[in-house]
Amino acid sequence: ITLSLCGCDECTDKALKMLVDALPDKLKVFELEALESKITKGDYLLHKLGKETRSEYLRQLVIPNCKLSCNLPATITKLIKLERLRLECNDLTGCIPEDIGNCKELKNIYLFDN
């Protein structure tokens, strides 16, 4: 699933939560670009996508510019098939989880400008 919500006046935190709750568990690719949207806190998205039920499916998690303002959750390390992780240009805090090595397929990780 690739979504571009750039400049979308209707993309609010409430709309994002509804969207995320409707995502299938067997999702392989998730990309969201929401620059200049009305999202003020995209943390729910990151936590929901890091669920264990997605661990054997999710290959790409691309969420730049979505005002994520949380620690990178340790649940991200359960996404063992993850190949690409792009969370740049957010407000992430804290350290990269120690168990990130569990993501043995991870080839690209972008965490700059946080």
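There are zero disulfides in this structure by the distance rule used here. Keep in mind that you're looking at a predicted model.

**Cysteines**

- A disulfide, by the way, is a covalent bond between the sulfur atoms of two cysteines.
- Take C95: the closest cysteine sulfur to its own belongs to C70, and at 14 Å that is too far for a bond.
- C95 counts as exposed because its relative accessible area is 68%, and the cut-off for exposed is over 50%.
- C70 is a buried residue, with a relative accessible area of 9%.
- C89 sits in the loop between strand 4 and strand 5 (108–110).
- With 26% relative accessibility, C89 counts as partly exposed.
- The backbone of C89 has a positive phi, near 60 degrees, in a residue that isn't glycine.

- Five strands make up an open sheet in the order 1-2-3-4-5, and the pairing is parallel.
- Strand 1 (2–4) and strand 5 are at the edges with a single partner strand each, so one side of each has no neighbour in the sheet.
- From one strand to the next, the twist averages 5 degrees.
- As a bit of background, strands of a sheet pair through backbone hydrogen bonds, in a parallel or an antiparallel way.
- Strand 1 and strand 2 run parallel and are joined by three bridges.
- If you want to find a bridge between those two, look at T2, whose bridge partner in strand 2 is E31.
- Strand 2 (residues 29–33) also has three bridges to strand 3, again running parallel.
- E31 turns up here too, with V62 as its bridge partner in strand 3.
- Which residues of strand 2 are on its covered face, and which are on the uncovered one? F30 and L32 are on the covered face, while V29, E31 and E33 are on the uncovered face.

**The nonpolar core**

- In soluble globular proteins, nonpolar side chains tend to be buried together.
- The largest nonpolar core here has 26 residues, and F30, L46, L61 and I63 are the ones that touch the most other members.
- Helix 1 (13–21), strand 2 and helix 2 (43–49) are the elements that give two or more residues to this core.
- Which element gives the most to the core? That's helix 2, with three residues.
- Setting aside residues up to four places away in sequence, L61 touches F30, L46, L49, I76, L82, R84, L85 and R86.

**A closer look at L85**

- L85 is part of strand 4.
- Is L85 buried or exposed? L85 is buried, because its relative accessible area is 0% and the cut-off for buried is under 20%.
- Beyond residues up to four places away in sequence, L85 touches L61, I76, L106, N108, I109 and Y110.
- L85 and P64 are 21 residues apart in sequence, and their C-alpha atoms are 9.8 Å apart in space.

**A closer look at T77**

- You'll find T77 in the loop between strand 3 (60–62) and strand 4 (84–86).
- T77 counts as buried, at 6% relative accessibility.
- What does the side chain of T77 reach at 2.7 Å? It's the backbone oxygen of A74.
- Leaving out neighbours within four places in sequence, T77 is in contact with P97, D99, I100, N102 and C103.

- D113 lies in the segment after strand 5.
- At 57% relative accessibility, D113 counts as exposed.
- Phi of D113 is positive, near 60 degrees, and this residue isn't a glycine.

Notes
Residues are numbered from 1 along each chain as its sequence is written. This is a predicted model: local features need pLDDT of at least 70, side-chain atom pairs count only at pLDDT 80 or more; totals for chains, interfaces and linings use all residues. Side-chain values use heavy atoms; hydrogens and water are left out. Helices (H or I, at least four residues) and strands (E, at least two) are DSSP runs, numbered from the N terminus. Buried means under 20% relative accessible area, exposed over 50%, partly exposed in between (1.4 Å probe, protein chains only). A polar contact is a pair of N or O atoms within 3.5 Å; within protein, one must be able to donate a hydrogen and the other to accept it, and residues adjacent in sequence count only if both atoms are side-chain atoms. Contact means heavy atoms within 4.5 Å. Two strands pair if DSSP finds at least two bridges between them. Axes are lines fitted to C-alpha atoms, for helices over the stretch in contact, and angles run from 0 to 180 degrees between N-to-C directions. A nonpolar core is a set of buried Ala, Val, Leu, Ile, Met, Phe, Trp, Tyr and Cys residues joined through side-chain atoms within 4.5 Å. A disulfide is a pair of cysteine sulfur atoms within 2.5 Å.
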